[in-house]
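I opened this notebook page to record what I looked up in the structure, entry by entry.

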Amino acid sequence: MGTEQEKARGVISEFLQRTDKGAEGWNDETELWGEGLGLDSLEAAELSAMLEDEFGTDPFSAGGDLPEKVGDVLAFYATVST
Amino acid sequence: MILLLEAAAASSPERQAVATSEGSATYAELLDDARRVAAALRRRRITRFAVVEPDAGWVLRLLAGAALAGAEPCQYQPDTDASEFADHAALLDHTFVLTRRDDLTGPFKLVRPAELVAEPADGALAAGDDTPQPLMIRTTGTTGLPKAARHDWRILGKTVANVRPMPEQRWLLAYGPQQFAGVQVLLHVAASQATLVAPFPRQPKDGLDAMLTQGVTCVSATPTFWRFLLAEARSRKATLPALEQITLGGEASPADLLDEIRTKFPDAKVSQVYASTEFGSITSVRDGKPGIAVETLYDETNPHANVRVDDGELWVRAGAGMLGYAGESGAESSESGESGEWRRTGDLVEIVGDRVMFRGRKSEVINVGGVKVHPLPVEDRITGLDSVALARVFGRPNKLTGAIVAAEIVPVGGVEDADVENIRSQIKTAVADLPRAWQPRSVTFVDAIETKGGKTIRGMEE
C-alpha cells in the first residue's frame, strides 16, 4: 500500500527521466528551480500535467505560491491513500 | 439535384442509384419517389423542413423531392440527441421534421417519409432553371453551435456541370449527407449517373467493409477518415481493392498519408479538394503533393484565380457558394460566394518553395506562454512514425503557461501491446527540431481518437 506522497515521488522520478534530467541525485530538499532541478516554465507545466493526470490536481495549479522544493510538491499530497 | 436525377433516370432508368444498409433503388425508382415527395410537400404546404434520417436512399428521395417542390430541406445529424435537436430546430425555426425517429419532441410536427412516398405524384410539377431550389446546410462546426448556410441546388449544380456519365463507378459515401462534402458526393454521383454505396453507420470500419464487399471504385473522404480506414485495414490484414478515384477534403492532407495512399492504391487518381460549406468548392489539386501550387494563386498574371494568400491566411472568392446564413436576407449576406468578393477562410498557410502549405485553422492555434503553436505540423511529425497509427495534437489548459501542447496517440497494434516508452522517445526525437513550446508536454496513449464530421478535433481542449 503506497501513500499519495510515494506516488508523487514516482511521478517526479518519471518526469525527470523523460526530460533527461536523471532519475537520481535529488531528494525532498532539492530546489525545483535554478541550481536545483533547473525547471523552466515549460518543464514545470509538463510536471504539473503529469501530476494532474495522476491525482486530478497539482500544486502548480492550486493557487497560492508555487512550490519551491520537491518536498513542497510531496507535501501537497500529504493524505495517506487507502 | 432533381434535374440530375431526371437526366440519369432518362438515360439509365434501371441503373442502381443507391445501395444502403436498408436496400437499394434504381434511378427510375428514386425519381418516382422524389416526385411523390414533391407533390406531398406541396399538398401539405411545407416550404421548409428539417430532415433527421440516416439512410442515404431516403435522404436522396427527400432532397430531390424538395428541390422539385421548391421547398428548403435542412439535414441534421441523424443520431443527434433529441433535446439538442429540439434546441437547434427552434433556433432555425423548423416546424416540420421529416424523420422515422419516434423520440423527437418539440414545437414541430413529425412527418414520416413513407407517408409522402405513398401519395401520388403531380404531373404538373416541373423543375426549371428559373425556379428556386433551396437547400440549407448546417456547418460542421467543431466548436460551438453550428451555423446554417442557405444554398440553391442550381448554383451547387454548376460544380458538376462538366461531369461526364461514368455509370460503372461506385462511390462510397464516407461523409454524412448532411455535410457540404456529402452533398457534393451526392451531386457528383447523380451527375455521373453512377452508384452511391452508403453504409450506415459511416465509420471508417464501415467504409472499409463496403470497400471490401460492395465493389466500391471511388472514395471521397477526409484525411482523418483515411487514416482510420488504413489503420483498420492494417489491423485486419485486409487486402484492399484497387480504386479508380480517391478524393480528399475537409482538412489538410499530410505528405505521409498521400504517400501511403499512393502506395496502397497505385492505380487511383488522387484529388485534394478545397471547399467549405460557406464558400462552396473552390479549387482542387491533382498532382498528389500536399498543399496548393503557388502558380495557381491570384496575382496580376493570374487574375482569374480565386485563391490568394494574405498575411499567412488563405483568402478565396467565387465558387458555388452560399446565398447567406440562415436568418439573413440576400442583401445582408456577408460571405456569399456569388459576390466575387475576397473572403478570409480562417485557414493558416505558409508558402514553402512552390507550394502553399496548410498549417491549421486560426481557431486551432494554441497559445503556449505567448508562443503561437499550430497543431497540424506537430501532428504530421508524429503520424509520420511507423509505430503510430493515429494522432491528435491539441491544446491543454495549464496554469503556468496558459496552455501546453498535448497529444493523443493510437499506437499501431493498439495500446495493450505497444511499447509506449519507446514511442514516447520516438515522438521526442521527431519533434526535437521544433521550437520548445511546440513540443508536446502531455502524451497519452488511447485506443481511439474522437472526431467530428470526419475531422480531427484540434485547438484548445475545453
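This is a predicted model: local features need pLDDT of at least 70, side-chain atom pairs count only at pLDDT 80 or more; totals for chains, interfaces and linings use all residues.

**Entry 1, positive phi.** I looked up Asp20(A), whose phi is near 60°, a positive value in a residue other than glycine. I found Asp20(A) in the loop between α1 (4-18) and α2 of chain A. Asp20(A) has 7 C-beta neighbours inside 10 Å, and therefore counts as exposed. I then turned to chain B, where Lys237(B), again not a glycine, has a positive phi of about 55°. Lys237(B) sits in the loop between α9 (223-236) and β12 (245-249) of chain B, and because 6 other C-beta atoms lie within 10 Å, Lys237(B) is exposed.

**Entry 2, the contact between the chains.** How many residues does the contact take from chain A and from chain B? I read 10 residues from chain A and 12 residues from chain B. On the side of chain A that touches chain B, helix α2 (residues 41-55) gives the most, with seven residues. Sorting that side of chain A by class, I noted five nonpolar, three polar and two charged residues.

I traced an open sheet of three strands in chain B, in the order β23-β24-β25 and with mixed pairing. Since β23 (388-398) and β25 (442-445) of chain B each have a single partner strand, they stand at the edges, and one side of each is left without a neighbour in the sheet. From one strand to the next, I recorded a twist that averages 25°. Strand β24 (residues 402-411) of chain B runs parallel to β25(B), and four bridges join the two. Which residue in β25(B) is the bridge partner of Ala406(B)? I found Ser442(B).

I checked the length of helix α7 (residues 180-191) of chain B: at 1.5 Å a residue its 12 residues should span 16 Å, and the end C-alpha atoms are 16 Å apart, which agrees. Is α7(B) mostly covered or mostly exposed? I counted 12 of its 12 residues as buried, so by the cut-off of 20 or more C-beta atoms within 10 Å the helix is mostly covered. Among the buried residues of α7(B) I listed Phe180(B), Val185(B), His188(B) and Ala191(B). Just after α7(B), I noted that Gln193(B) takes a positive phi of about 55°.

I looked up the peptide bond from Phe200(B) to Pro201(B) and found it cis, with omega near 5°. I placed Pro201(B) in the loop between β10 (195-198) and α8 (204-213) of chain B.

I followed an open sheet of eight strands in chain B, in the order β2-β1-β10-β9-β11-β12-β13-β14, with mixed pairing. The edge strands are β2 (23-26) and β14 (280-285) of chain B, each of which pairs on one side only. The twist here averages 20° from one strand to the next. Within this part of my notes I also recorded that four bridges join strand β11 (residues 218-221) of chain B to β12(B), the two running parallel, and that Cys218(B) has Gln245(B) as its bridge partner in β12(B).

Notes:
Residues are numbered from 1 along each chain as its sequence is written. Chains are lettered from A and ligands numbered from 1 in the order in which they are written. Two residues are in contact if their C-beta atoms, placed from the backbone, lie within 7 Å. Ala, Val, Leu, Ile, Met, Phe, Trp, Tyr, Cys and Pro count as nonpolar, Asp, Glu, Lys and Arg as charged, and the others, Gly among them, as polar. Two strands pair if DSSP finds at least two bridges between them. Axes are lines fitted to C-alpha atoms, for helices over the stretch in contact, and angles run from 0 to 180 degrees between N-to-C directions. The expected span of a helix is 1.5 Å times one less than its number of residues.
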